Amino acid sequence: MTKVLINGVLGTMGEALVRLISGKDDICLALGIDAAYDGSSSYGFPVYRSPGEVPADADFDVIIDFSHFSAVPALLDFAVLRNKPVVLCTTGLKEDTLKQCDEASKKIGIFRSANMSVGIYVLRKLASEAAKYIGDDFDIEIVERHHNRKLDAPSGTALAIADNLNEAMDGQLEYVYDRHSRLARRDKKELGISSVRGGNIVGDHDVIFAGRNEVIELSHSAQSREVFADGALKAAVFMAGRPAGKYDMEDLFK
Ligand SMILES: NC(=O)c1ccc[n+]([C@@H]2O[C@H](COP(=O)([O-])OP(=O)(O)OC[C@H]3O[C@@H](n4cnc5c(N)ncnc54)[C@H](O)[C@@H]3O)[C@@H](O)[C@H]2O)c1
């Protein structure tokens, strides 16, 4: 049984994880961390406000993080100190934090994916494959839609799809986020990335291949946050006891 610590346990994704984990028999919740913990409420598991408050003898195998980009540096320090692997799901990480991830992955296992859904993993594979066939002739655009509380734009997933497309096109694509600021015809090598924010949309990603007389669209719509929570729990079971290094969805599906 894998014992997990959840960072951001009182947030939207934290709550989804807590709900889902109770029905699992290969993983259980050992404790949580959340900056919003008021110190008095009881959740049926220990909660701390910061990594520094977690007792030295706390018993857990792996950390899942769904918090805030500003929370990640302290969490990585904590994970290295306690020698525990991390499933890092928070998006919008700064350049410095990404470097810190690289350094930390020399000492602990770090699984990172901008999107923990299995469907998105397949979408990325299909989009790369399509780009190899028609990328030279078709214009490619990505449109992503998310709820009105999302902080970063474009989504980490849209950027990950863009990187897959670019890799398939031998790095020829130029990412364009701000068409309103340029008054020019679309260049063949542009990859437009557009963001929509509103309501309660869990997360939609469309990859559009627009040709001269035909259009192909690959679409993924996450209908519940449970898809991300489920992927994160699978990754946590996979990561428990793994050696230092960088891991991603590719490793989970090998
Ligand atoms: N990789 C994926 O598949 C995936 C899926 C969904 C969300 N996300 C990302 O996960 C993150 C969280 O998403 P959410 O919808 O749960 O957000 P949320 O705002 O609902 O929850 C975040 C939680 O983190 C807590 N927090 C903030 N700063 C903290 C700190 N310093 N230490 C500890 N806890 C802290 C907040 O109090 C809050 O409870 C975002 O970056 C989001 O983009 C990733």
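Okay, let's start with the five-stranded sheet: it's open, with strand order E8-E9-E7-E10-E11 and mixed pairing. At its edges sit strand E8 (174-176) and strand E11 (215-221), each pairing on one side only. From one strand to the next, the twist averages 15 degrees.

Quick housekeeping. This is a predicted model, so local features need pLDDT of at least 70 and side-chain atom pairs count only at pLDDT 80 or more, while totals for chains, interfaces and linings use all residues. Residues are numbered from 1 along each chain as its sequence is written. Helices (H or I, at least four residues) and strands (E, at least two) are DSSP runs, numbered from the N terminus. Strands pair if DSSP finds at least two bridges between them.

E8 and strand E9 (residues 190-197) run parallel and are joined by three bridges, and glutamate 174 stands opposite glutamate 190 in E9. Helix H5 (residues 156-168) packs on this sheet and touches E7, E8, E9 and E10. The direction of H5 makes about 165 degrees with that of E7. There's also helix H4 (residues 118-134), lying across strand E7 (139-146), strand E10 (204-210) and E11, and running at about 165 degrees to E11. Contact here is C-beta atoms, placed from the backbone, within 7 Å; axes are lines fitted to C-alpha atoms, for helices over the stretch in contact, with angles from 0 to 180 degrees between N-to-C directions.

Now the other sheet. Seven strands, open, parallel pairing, in the order E3-E2-E1-E4-E5-E6-E12. Strand E3 (47-48) and strand E12 (245-247) are the edges, each pairing on one side only. Strand E1 (residues 2-7) and strand E4 (residues 62-65) run parallel, joined by four bridges, and leucine 5 stands opposite isoleucine 63 in E4. H2 packs on this sheet, touching E1, E4 and E5, with its direction at about 175 degrees to that of E4.

On to the cores. A nonpolar core is a set of buried Ala, Val, Leu, Ile, Met, Phe, Trp, Tyr and Cys residues joined through C-beta atoms within 7 Å. Buried is 20 or more other C-beta atoms within 10 Å of a residue's own, exposed is 12 or fewer, partly exposed is in between, with C-beta atoms placed from the backbone. The largest core has 41 residues, and those touching the most other members are Val4, Ile64, Val87, Cys89, Ala232, Ala236 and Met239. Helix H6 (residues 226-239) gives the most to this core, eight residues. Beyond its neighbours within four places in sequence, valine 4 contacts Ile27, Leu29, Ala30, Phe60, Val62, Ile64 and Ala236. Another core, of 17 residues, lies apart from it and includes Ile120, Ala127, Ile161 and Ala162.

What about the ligand? It's surrounded by 25 residues, the closest being Gly8, Gly11, Met13, Ala36 and Ala71. Near means a C-beta atom, placed from the backbone, within 6 Å. Helix H1 (residues 12-21) gives the most to this shell, with three residues.

Most residues other than glycine have a negative phi, and most peptide bonds are trans. Alanine 153 and proline 154 are joined by a cis bond, omega about -5 degrees, and proline 154 is in the loop between E7 and H5. Aspartate 170, in the loop between H5 and E8, has a positive phi of about 55 degrees. Is aspartate 170 buried or exposed? Exposed, because it has 9 other C-beta atoms within 10 Å.

Technical notes. Two residues are in contact if their C-beta atoms, placed from the backbone, lie within 7 Å.
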